[in-house]
Every structure is written in C-alpha cells, then in structure tokens.
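Colleague: Please take a close look at one part of this model for me. I would like the strand pairing and its surroundings in one connected account.

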Amino acid sequence: MGWGNIYRRRMKVFTVALIIYLDYKALQQREKWSSKSKRSTLWERAHERNAKRLLNLIVELEGLWVKLGQYLSTRADVLPEAYINLLKQLQDSLPPRPLKEICRTIEKELGKSVGDLFSSFVDTPLATASIAQVHRATLRSGQDVVVKIQHEGIKAVILEDLKNAKSIVDWIAWAEPQYDFNPMIDEWCKEAPKELDFNIEAENTRKVSSNLGCKNQNNVMSENQVDVLIPEVIQSTEKVLILEYMDGIRLNDSESLKAFGIDKQKLVEEITRAYAHQIYIDGFFNGDPHPGNFLVSKEPPHRPILLDFGLTKSLSSSMKQALAKMFLASAEGDHVALLSALSEMGLRLRLDLPDQAMEVTTVFFRSSTPASEALENMKSLSEHRTKNMKIIQEKMNLNKKEVKRFNPVDAFPGDIVIFTRVLNLLRGLSSIMDVRIIYLDIMRPFAESVLQGYINKGPAVNSQWVCDTPVHSDVETKLRRFLVELGNDDKILGIQVCAYKDGEVIIDTAAGMLGRYDPRPVQPDSLFPVFSVTKGITAGMIHWLVDKGKLKLGENIANIWPEFGSNRKEVIKVHHVLTHTSGLHNALADLPRENPLLICDWDECLHRIAMSVPENEPGREQLYHYLSFGWLCGGIIEHASGKKFQEILEEAFIHPLQIEGELYIGIPPGVESRLATLTVDTDDVRKLSLYSNRPDLPSGFTSNISELVTVLPALFNTLNVRRAIIPAANGHCSARALARFYATLADGGILPSPHSSSFKPLLGSHPHMPSFPSQKTSKKQKGNKIKNVAAAPDKVNTHKQKHTDDICCSIKGRSDNRCGFSHDSGGSSSSSSESTISNNGNTVGSTENGDDSPQSDTKIFSNPRIHDALLGVGEYENYGFPGGQFGLGFKVYRSKDGSLLGFGHSGMGGSTGYCDINNKFSIAVTVNKMSLGAVTGKIIQFVCSELNLHVPADYAKFSESENPEEQSNVWRPLIN
C-alpha cells in the first residue's frame with residue numbers, strides 16, 4: 001500500500017469520526033432548547049445519518065473496519081436501532097473481489113490451477129468478508145468443499161487500519177476520558193494479525209473441534225457436552241483454506257429458520273454452552289462469535305454450525321480458574337472471591353470499591369435482553385454508570401471535570417479483552433435473535449467444573465500438594481510425609497505449619513488448597529482466618545501496654561474507660577477480663593442473631609459492652625468469654641493508650657517482629673488474593689452434641705453450638721466481617737507470622753533470628769497496608785491533574801460503614817477521629833506517671849515517667865518475669881484464677897503429669913499457636929477445613945514427639961481412635 005493510499009484512508013477515517021462526534025455534541029446542546037416531544041425525533045434522525053456515514057465509510061475502506069461494523073451490528077442490546085438495521089448488512093457479504101484475483105491467489109498458494117484442483121468451482125462467492133472470500137467447490141475426489149481465499153494486499157490494509165483505530169481510540173480517551181478503550185484496541189492489535197495466516201486458523205479449527213467432541217458425538221449427551229458442528233479442515237496454506245462443506249441456514253434468514261421449525265431459544269442457548277465450554281473447560285475459544293460466523297444445519301436436530309476460527313484466545317490454567325471464580329463470585333455475591341479473582345487475573349483497581357466491582361460484574365453477566373428492550377437497557381446501564389461515578393467522585397473528592405478524567409481501573413489484562421468481547425457478541429446475538437439468555441444458569445456448570453476439577457485432588461494425585469519450599473530440618477521432612485497421610489485421608493483442605501526452636505525456624509510448610517472452590521495452592525504467605533487464636537494476640541497487646549506503663553493489671557477498667565463503670569461493673573479489673581472471670585461471658589451473645597453484621601460495627605460493640613450487665617461477681621467463676629473478650633480488651637487498649645486498636649497492634653508486634661502483611665485483626669483492602677476460605681468438616685459437625693454440656697463454656701455458646709459452628713464460617717468468609725475489628729475472633733495470619741509471635745513470647749520477649757530467606761516473598765516483605773496505584777496523568781491531561789488520591793477523605797460515616805472506612809483510611813490517608821489507623825496520641829485516663837517496675841503485680845513493666853521510650857531492637861518486653869505475667873503464676877498468682885484453664889489471656893498448657901509447659905491459644909476449627917517456655921519452642925498451625933481439632937492435635941503431638949519434648953495433655957489426648965466417646969475432651973483445642 002503506497003503512502004498516498006495510507007494518507008487517504010487515514011484522512012477519511014478521521015474526517016468521518018470527527019463529523020459524527022461533532023454532530024452528537026451539537027445535538028446535546030440543541031436538545032436543551034427543544035421540547036421533550038421533539039427530542040426523541042432529533043436523536044433518531046442523528047442516529048440514522050451517522051449510521052449511514054459509518055456504513056459508507058466501512059464499505060469503502062473494507063479491511064478491519066468491516067470487523068468493527070460486524071461487532072457493532074450485534075450490539076442490539078445497547079446500540080440504537082438505526083445502527084443495527086444498517087450495519088447488519090455487513091454480516092452477509094461485501095462486494096466480491098474479481099475472480100482473476102481469486103484464481104491467482106489459489107494457484108500461487110497451492111501450486112496448481114483451479115481447474116487442476118477442483119472438478120467444479122462456483123464463480124459466485126458464498127460470502128465476501130473483511131479478510132477473505134469464500135467459494136463453493138468440488139474436489140477431484142468428489143467431496144464438496146468451501147474454499148476461503150485471502151484478499152490480495154489485505155495484510156498491509158489491516159495493519160494500517162489498526163494504527164488508525166489506535167489513534168482514534170487515543171483521541172476519544174482524550175476528548176471523553178470516561179471512554180478509554182485502549183486495553184481493547186491494544187489486545188486487538190496483538191491478536192488481529194494472527195487472522196492473516198490461514199494455517200493458524202486451520203489448526204485452531206481442528207483444536208476447537210476436538211475439544212468440543214464434534215467428531216465423537218453419540219446419542220447419549222454427557223454432562224457439559226455440547227451439540228454443535230464444525231467443518232473439517234481439508235487443506236491449508238497461509239492464504240487459502242479448504243474446509244468441508246456444510247449446508248446450513250444463516251441466522252439472519254428469519255423465513256428459513258421459521259420454515260424449518262428451528263427453536264431460536266434452544267439454538268442460541270446451545271451456542272452459548274459451546275462458548276462456555278471453550279472458555280472454562282478448554283481454555284481455548286473463538287473470539288469472533290458474530291452472527292455471520294454461524295449457520296444452522298438443515299438436517300434435524302438442527303445443530304449450530306461454528307465457523308471462522310481465525311481469532312482465538314488461549315487461557316492459562318490460572319486465568320481459567322480466575323475467570324470461573326469471577327463468574328461464581330458474581331453469581332453468589334461473594335465480594336472476597338470477586339476481589340481475589342480480579343487480582344488473580346491481573347485487573348488492578350485504583351481504589352477500594354468492592355460493591356461497585358460486584359455491581360459491574362453482575363451487569364456483565366446479566367441476562368441478555370431482546371432488541372426491543374435496547375433503549376431501556378441502555379438507559380439502565382447509563383444510570384448505573386452515573387451512580388458509580390458519583391460514588392467515585394465523593395470517595396476521591398473530585399469535581400465534575402476531574403471525575404470524567406478518572407479511570408478507576410489501573411491495569412486491564414489482555415486476556416479479559418477478548419473474553420469481554422465474546423460475551424458482548426453473544427449478548428448481541430441473543431438480542432438479534434430476539435431471545436432472552438440467562439447466562440448465570442447456562443454458564444455456571446462449566447465455570448464450576450473448572451474449580452471442581454481441582455477439588456479433592458489431594459496428595460495422592462497432586463504432586464504439588466505440598467508447597468515446594470526448602471526443608472529446614474529432618475523433622476520437617478517427616479512432618480511433610482505425615483501431612484500427606486492426613487491429606488490422603490481427606491482430613492486436610494489447606495494447612496500451614498511453622499515452628500521455631502531456640503530462636504531458629506525448624507519448620508515452615510504449606511500444603512493443600514486455599515478453599516473448597518479455590519484450587520490455588522496454599523503458600524507460606526497465605527492468610528488464614530484463625531478465629532479465637534486472635535485472643536492470644538489481643539491479650540499480648542494488653543500485656544505490652546502494661547509493660548509500657550500505660551496500664552495496671554489490677555486497675556479497675558472504669559478508671560480508664562468511664563462509660564464501662566455502669567451496671568455494677570465498676571469493680572471489674574483488667575485481670576478479670578484476661579482470666580475470663582469478669583462475669584460478662586454471655587455479653588453480646590445475641591448479637592449474631594439480632595443482626596450478624598453488627599459485629600462489624602466497632603463503636604456500637606464497644607458501647608454495648610460498656611452498657612452490659614455481668615451475670616455474676618468478677619473473679620468468682622472462669623467461663624470462656626468467647627465473643628465479649630475481644631471488645632472488652634479492645635476498649636481497654638484504646639482507652640489506656642489513647643490510640644486506635646490497629647495502631648497498637650502494629651506498634652507492639654507487627655513492626656518489631658517484622659511480620660508486615662501477614663498478621664491482621666481486620667484485613668485491609670488489597671490482600672484478598674492471599675485469603676484462605678473456611679469450610680466445615682461435616683463428619684466432625686455430627687459429633688458436636690457430645691460436647692454441648694461442657695461446664696467451662698458459657699450457656700450462650702453451648703445452647704446453639706451446632707448452629708455457631710455451621711453458620712460462622714459462612715459469616716466470617718464475608719468481606720465485611722473480614723475487614724472488621726473483632727479482636728476475639730477475626731484474626732488473619734500466616735502460620736510463620738503466628739509462630740514468630742509465639743517464638744518471641746517463648747523467649748521472654750526476645751526477638752528470634754530473621755525468618756528464613758529461602759522462600760520469596762520474605763516474611764515481612766508485603767506492605768502491611770497495600771496502596772492502590774495513583775491516577776497517572778498523561779501529557780494531554782496535565783491541565784486537569786487529579787487531586788492527591790492518597791489524601792482523599794471518605795465522607796461516609798454511618799454505623800455500618802465505620803469500620804470499613806477505618807480500614808480504608810489507611811490507604812486514603814484519613815485523619816478523622818474514627819480512623820482505626822490514625823496516629824492520634826490522645827490522653828489516657830490511666831495514670832502515665834508510674835515510673836518503676838513493681839513486681840507485686842500493681843504495675844508491671846512501666847518505663848520511667850511512663851514515656852514510650854524505645855525498647856531494645858531485640859526485645860519487645862522489658863519485664864524479666866513476663867512469663868509469670870502471661871500465665872498468672874508466681875508473683876502474678878493473685879491475678880490468676882486458681883486451677884483455671886486460662887492464665888492472663890492465654891490458655892495454660894501442662895503435661896500429663898501436671899507440670900507447666902507453656903501457653904497459647906486455639907481457635908474454633910483447629911488453628912493454633914503454642915509455645916513451650918522451658919524449651920524455647922513454638923509452633924503455629926493454620927487450617928481452613930474446620931474440625932474438632934484432631935488434625936492440629938496430631939500434628940503438635942507428632943512434632944513434639946520428634947523433638948523429644950513433652951506433649952501438652954490437651955494434644956496428647958488425640959489418639960488414633962476416631963470414636964468420640966473415647967475422646968471426651970477432644971474438642972477443647974477447638975474452643976480455646
């Protein structure tokens with residue numbers, strides 16, 4: 001193509017694009033002065049004249065613009081009728097190329113003349129498309145075929161058209177920034193040239209035909225099998241493709257479809273199923289399902305015939321899983337799974353918008369609408385978009401001009417572009433055929449099959465079941481073999497085990513899957529919900545404040561938290577909360593029944609705890625504070641320190657231990673892709689009735705124990721709960737972060753050696769508060785630079801939104817007084833003038849004048865008797881509960897002979913942290929298949945035995961017997 005032709009094509013494209021743009025912009029101004037009755041007429045006329053301009057341009061230029069026109073002609077669900085009526089002509093045929101050109105190309109490519117190759121060759125083409133022309137012919141063997149011949153010089157035309165299309169898209173993105181189609185055109189520029197090699201198309205055709213089983217169909221349809229036809233490839237070269245001839249009816253031939261009695265609903269449903277199979281099961285799909293690429297066989301049962309596999313897309317296994325996960329998350333309304341799926345597929349957002357992401361995805365997979373509902377559908381989509389942009393405007397504190405230039409998507413992966421195009425084309429196809437397709441119903445079995453294909457793939461069939469990380473010791477080698485045995489017995493879904501001995505890592509193993517419907521492998525940095533393991537971390541924060549002189553164990557809580565002193569609680573002391581003897585064991589027990597999401601409202605829960613009424617005198621009876629413990633401690637922490645809960649957590653443990661990004665109480669936005677999902681071991685749930693009468697548990701817990709264990713996993717899998725501050729129950733951590741926490745406590749607060757550097761990412765290398773990419777301002781937009789995204793305040797301030805705002809504020813830089821991560825150093829009602837360390841329990845670990853003096857870089861507690869303080873023994877015995885299971889915030893572990901070993905805390909379902917203070921040993925186990933604790937017990941028993949350490953009696957009870965009557969106390973680790 002000469003430079004003259006290139007210049008002329010370019011000028012025609014830009015001239016028509018500018019005319020159409022200015023026509024609509026002028027109409028927008030004109031309609032302001034027109035009556036409502038005339039507006040619709042004005043728009044209809046504008047659509048008609050601009051559709052004619054576009055069609056004339058496409059017919060004149062051909063090439064890539066024909067494909068664009070074919071795509072637009074299928075979007076009856078969103079485009080005005082005038083465009084559809086005119087552009088659908090492109091689905092039939094373009095003006096044919098000269099027969100001489102066709103014969104010349106065939107002879108050049110195949111080395112023989114048309115007469116030598118075919119006994120007959122029909123001069124009139126069946127169709128002429130953007131890239132090639134198709135003729136019917138008969139081979140010398142007598143077989144009827146179709147011959148697809150590429151247009152001469154089309155390659156140069158297509159490549160030039162791509163450049164022009166790219167320029168137009170750039171111009172549109174500059175003029176109307178909210179319409180940025182660059183990701184789409186970039187992917188098209190990458191994929192479109194492949195259509196110019198018919199050898200590639202031939203191989204694609206064979207592959208899709210084989211995947212869909214088109215040559216192996218029988219009368220019995222198996223699950224997810226599709227019933228379609230694809231022509232067989234006879235011969236191919238770069239520019240000529242010979243295919244089996246199939247006699248069929250075009251989809252736009254309404255009279256023939258009616259005459260043959262073809263069910264259009266069933267037809268489009270089967271086409272949709274075929275594409276769902278290609279995308280989710282095969283991971284290899286045709287990217288161009290416009291109506292011209294389908295026929296319907298004239299022979300019953302009138303199967304769809306799939307044509308033209310020039311544009312195809314191949315998906316990796318991980319991308320297939322992510323797309324399936326996105327689809328199912330949309331169907332289930334699962335925000336966590338959706339955000340995780342978007343992250344896995346490489347789609348990055350510039351701000352945290354889980355509700356809007358869910359809404360957009362739901363709209364994407366919405367049921368199709370007939371063409372008659374196009375106007376209403378466009379109006380609905382426009383309203384959705386306006387509403388979402390308003391939310392972004394408020395969230396980012398942008399003016400109207402700025403919000404137009406703000407794109408909430410930072411990275412849009414190419415794989416999704418063709419996937420999106422296919423779904424839009426299928427939706428357009430259903431609109432043209434005037435049928436309604438419910439995609440969530442039709443595509444769901446195929447999406448589920450992607451994930452189910454990995455479910456139950458335990459170690460016996462999955463060589464990568466154990467994460468391939470370096471082995472730290474012989475014990476770890478043996479442990480991995482033991483985990484494989486448990487995995488083969490279906491006792492493990494996903495698990496992490498990490499252990500320290502004498503300040504060094506001896507075990508750091510991950511195995512299994514992140515969830516029942518999330519087949520991604522567990523990694524050492526995966527985050528597991530650990531339920532009541534959180535209590536040990538929260539209790540550690542109380543002791544840290546005591547050590548800093550901000551708090552006394554024997555202090556009345558009402559002294560530092562005046563609101564708490566109501567309803568006979570004025571004599572409840574800090575140590576009563578830590579020992580579970582405050583009498584508030586059933587406080588807020590009805591909250592999950594009243595409104596489960598109330599547990600996400602930090603302020604409301606603190607208020608209710610402050611207003612609660614004790615059931616008995618403090619210190620009289622030790623009853624497990626299964627839910628109230630966290631808010632009691634949380635209120636004490638915030639009022640004693642004058643800082644927010646999250647800030648103390650980071651200051652006390654996260655930063656000193658260098659476990660950033662791997663231990664949270666309330667996750668921030670941006671970590672969803674590393675989350676494990678809880679599921680319940682149904683076999684163990686059946687045994688729950690045996691443990692409903694335990695005297696050490698509060699009545700509010702035992703009365704509905706089965707309900708709690710079955711309902712809580714679903715509740716704690718939700719995004720709202722995961723992001724909330726619930727210091728008794730919703731910690732998320734990796735086993736290596738939890739083990740490091742307990743290794744520090746085991747050694748009296750001395751930090752262990754840095755964690756193993758043999759696995760990437762390193763422990764502590766994740767940003768603790770992931771940041772969203774800032775808005776990039778192009779040179780064209782310098783005059784409209786977006787305000788500082790990081791400093792944008794969030795104006796939402798309702799009870800239900802408060803904690804989510806707290807989490808988000810660390811990303812957006814909020815500085816209001818409700819930000820859970822603010823660095824406000826407001827005063828405490830607790831005295832800060834205690835200047836000495838008193839070992840009689842009145843004050844412990846105080847620094848001189850109560851200053852927050854920097855501690856040693858190698859030690860987080862200055863109290864030399866910190867173990868006694870944590871256990872409630874020795875000089876702290878008066879603050880403990882004699883013979884109780886709990887010390888001061890931690891479960892006390894003893895050997896079978898009654899000797900003291902150490903302390904820790906387990907969570908519902910089996911996750912556990914434990915340390916042996918006599919041997920400087922710590923271990924953490926995180927699981928996502930919730931059981932009565934047998935798996936964790938056996939693992940700790942195994943490791944301790946291999947190291948010749950005493951096994952805590954609680955874990956030694958786990959025998960090989962699975963008879964619950966023989967394991968009467970088997971459930972204690974689960975509760976504690």
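Modeller: Take Ser906 in this predicted model: its bridge partner in β23 is Thr912. The strands involved are β22, residues 900-906, and β23, residues 912-916. They pair in the antiparallel sense, over 5 bridges.

Now widen the view to the sheet. It is open and has 7 strands, in the order β16-β15-β14-β24-β23-β22-β21. The pairing is antiparallel. At the edges stand β16 (518-521) and β21 (891-894). Each has a single partner strand, so one side of each is left without a neighbour in the sheet. Neighbouring strands are turned by 20° against each other on average, direction ignored.

A helix packs on this sheet: α31, residues 735-746. It touches β22 and β23, and also β14 (494-501), β15 (504-515) and β24 (921-927). The direction of α31 makes about 25° with that of β14.

Next, the contacts of Phe903. Leaving out residues up to four places away in sequence, Phe903 touches Tyr742, Leu745, His867, Leu870, Leu871, Phe890, Lys891, Tyr893, Tyr914, Cys915 and Ile917.

Phe903 also belongs to the largest nonpolar core, which has 102 residues. Phe903 is among the members that touch the most others, together with Leu551, Leu578, Ile599, Trp631, Phe653 and Phe716. Helix α31 gives the most to this core, with 9 residues. There is a second, separate core of 70 residues. Val226, Leu306, Leu323 and Leu451 are included in that second core.

Key: Residues numbered from 1 in each chain as written. Predicted model: local features only at pLDDT ≥ 70, side-chain atom pairs only at ≥ 80, totals over all residues. Heavy atoms only, no water. Pairing = 2+ DSSP bridges. Helix = DSSP H or I, 4+ residues; strand = E, 2+ residues; numbered from the N terminus. Axes fitted to C-alpha atoms, helices over the stretch in contact; angles between N-to-C directions. Contact = heavy atoms within 4.5 Å. Core = buried A, V, L, I, M, F, W, Y, C linked by side-chain atoms within 4.5 Å. Buried < 20%, exposed > 50% of the residue type's maximum accessible area, 1.4 Å probe, protein only.
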